[in-house]
Amino acid sequence: MTTTQIAPAARQRLLPPEAGRAGFVDALRSEFTKIRSTRSTYWTLLALIVVCIGIGALACAGTASHPQGISAAGFDATQQSLAGLYVGQLVIAALGALTITSEYSTGMIRTSLAVQPRRGVVFAAKGVVFAVVTLITGLVTSFGSFFVGQAILSGAHLSATLGQPNVLRAVIGGALFLTACGMLAYGLGAVLRHTAAAISAAIGLLFVVTVLVQFLPHSWQDSVDKWMPALAGSQVWATKVTGGAHQFPAWGGFAVLAGWAAAAIIVGLVLFRTRDA
Amino acid sequence: MIEARGLTKRFGDKLAVDQLSFTVEPGRITGFLGPNGAGKTTTMRLILGLDRPTRGSVTVHGKEFSRLAYPMHEIGALLDAKAVHGGRSAYNHLLCLAQANGIPRARVGEVLELVGLTDVAGKRSRGFSLGMGQRLGIAAALLGDPAILMFDEPVNGLDPEGILWIRNLMKALAAEGRTIFVSSHLMSEMENTADHLLVIGRGRLIADCSVAEFIERNSVQSVRVRTPKPELLADLIAAAGGTTVAGAGGVLVAQGLPVDRIGDLAFENAIRLHELAPAQASLEEAFMELTADSVEFQAHTPGSGTASRTDRMHPTGVAS
């Protein structure tokens, strides 16, 4: 194991490219290698798919076994099959937070920034890679949940098809919803730099707050709950507005969630760039 | 070349680095020496832009670190061997770093071979021993084939074989014309490897000189003599301008006169000598003396009122 010879005398120095600089494309490659080379990524994404499809299937099986009193007109078969997203948002939030907090908990961040000191590049590449991976996994999750759910509901003649109004938008919206939730947690992770704190904050914002506003007086609730990230964002994976007529429509609601995510990411970026690593 | 000008870093009300100005010249090993807590790691973090200076600046090859086009080609650093994601294999760890600077994949295999980790390249680094982790960190530093290498306490906690390996590696890297900037809290570590020394204490620069100069300037030359007539010789030495301390069995330790002069004095006065030997304070002693006032935490011997110099212990309990 004792190696004192560093290089054969005749070896060519490894030269940097003559022009340019280590940039965004290099950072994307690097971040993709990072995300694909830890087991936790695979386990979390697998959990996301299984949990979402499983819960959606259970919800649809429940409806299919007791279809009495459900009118096909009022029932949102698409939303029912995507019910697993309520839990899926928490799974992806955990991965989003971990994407950046694991660099702090392991100390890897110091190594990462010592090879690419332009922090905005690192932060953006990490976010883009995570978003793309999540979007693709989200599409698998969303379409998988939809087809499994509809197959179960078809027994009760309650199933929807992709050709019906808003259905395709809602199924794709499920993947967008997951991506936005993940990015919100990514931003929070950059702000808090601590895995447990970031995951708690993300779950608090997505889940706990949604539950808490239910306890507000009705007059307040109507003006508050539509601005809550998870409730607003969930409009995009339903074919009809849910939670009351005062809620935002599908894309409006998604824009509210995206706004929350953008705010977290911007604060995260500013802190990531300015704080000592 | 690394240049610091008035580099200052304050954490709360504590000055970690206090107006450091120095130049790490190319093509030699510069030892960065100071007691624990003196600001060595902070200085290195400032060089890499991990911390932002409160005042002053530091440049690598004339540029701020974050403005280097391909940082890994300019400077390879090993600050903390544990700064890796333990769930990632050694190969993938190095690959993601190489990719960040557009370094070809083949280079990953080269550096793994160089540090002798080829056999465990596919293993997750969580299970690595300290020595293996250190090798992985060095492999990462070498990826870009950089002109400057910076190591923070590279031998800390290593076994003798590992220490020897790192020492030889640094010498070999310097022989290739690279600049090596290596920190340590042990003078003995630098004595054999460094060409030049930067000594800091409490964030301030206390010495910036060659190793030879450091020894000359800081170690007190003393002469040990043994004679049946110590009193007589002590008087003669005192008359000639030296000082002595008497020991048991006719031993005298003289300071302030060269060894030849003491031998001559004895001969001229017909004093029989049984021993005459120059003794040099070790570099470790010289270093501890120099930094004694700048050690952050001082241990006092229990029971003794005020600590004399010999009571002062290095915060890590380094034996001299």
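This is a predicted model: local features need pLDDT of at least 70, side-chain atom pairs count only at pLDDT 80 or more; totals for chains, interfaces and linings use all residues.
Let me begin with six residues of one strand, β8 of chain B. B:His196, B:Leu198 and B:Ile200 point to one side of the strand, B:Leu197, B:Val199 and B:Gly201 point to the other, and all of them are buried.

What does β8(B) pair with? On one side there is strand β3 of chain B, residues 29-33, which runs parallel to β8(B) and is joined to it by four bridges. Within that pairing, B:Gly31 has B:Leu197 as its bridge partner. There is also strand β9 of chain B, residues 204-210, which is antiparallel to β8(B) and joined to it by six bridges. Here B:Leu198 stands opposite B:Asp208. β8(B) and β9(B) make a hairpin with two residues between them, and B:Arg202, in the turn, has a positive phi of about 45 degrees.

Chain B contains 11 helices and 13 strands. Of its 320 residues, 44% are buried. Among contacts in chain B with a separation of 6 or more, 67% are between residues 24 or more positions apart. The chain is divided into domain 1, residues 2-210, and domain 2, residues 220-280. Taken over C-alpha atoms, the centres of these two domains of chain B are 47 Å apart.

I turn next to a helix of chain B, α5, residues 130-142. Among the buried ones are B:Met132, B:Gln134, B:Arg135 and B:Leu142. What do the buried residues of α5(B) pack against? Within chain B they pack against β5 (75-78), α3, α4, β6 (148-152) and α6, and from chain A they pack against α5 (108-115).

That last partner leads us to the meeting of the two chains. In total, 44 residues of chain B are in contact with 38 residues of chain A. On the side of chain B that touches chain A, at least two residues each come from α2 (71-74), α3 (90-100), α4 (106-115) and α6 (160-175). Which helix gives the most to this side? That is α3(B), with six residues. By class, this side of chain B has 22 nonpolar, 14 polar and eight charged residues.

Finally, a helix of chain A deserves attention: α7, residues 167-192. Its 26 residues should span 38 Å at 1.5 Å a residue, and the end C-alpha atoms lie 37 Å apart, which agrees. Where does α7(A) bend? The bend is at A:Gly173, by about 25 degrees. Because 22 of its 26 residues are buried, α7(A) is largely enclosed by the rest of the structure. The residue that follows α7(A) is A:Arg193, which has a positive phi, near 60 degrees.

To close, I return to the opening strand: β8(B) is joined by bridges to β3(B) and to β9(B). Thank you for your attention.

Methods. Residues are numbered from 1 along each chain as its sequence is written. Chains are lettered from A and ligands numbered from 1 in the order in which they are written. Domain bounds come from an automatic or database domain assignment. Two residues are in contact if their C-beta atoms, placed from the backbone, lie within 7 Å. Ala, Val, Leu, Ile, Met, Phe, Trp, Tyr, Cys and Pro count as nonpolar, Asp, Glu, Lys and Arg as charged, and the others, Gly among them, as polar. The expected span of a helix is 1.5 Å times one less than its number of residues. The bend at a residue is the angle between axes fitted to the seven residues ending there and the seven starting there. A residue is buried if 20 or more other C-beta atoms lie within 10 Å of its own, exposed if 12 or fewer, and partly exposed in between; C-beta atoms are placed from the backbone. Two strands pair if DSSP finds at least two bridges between them.
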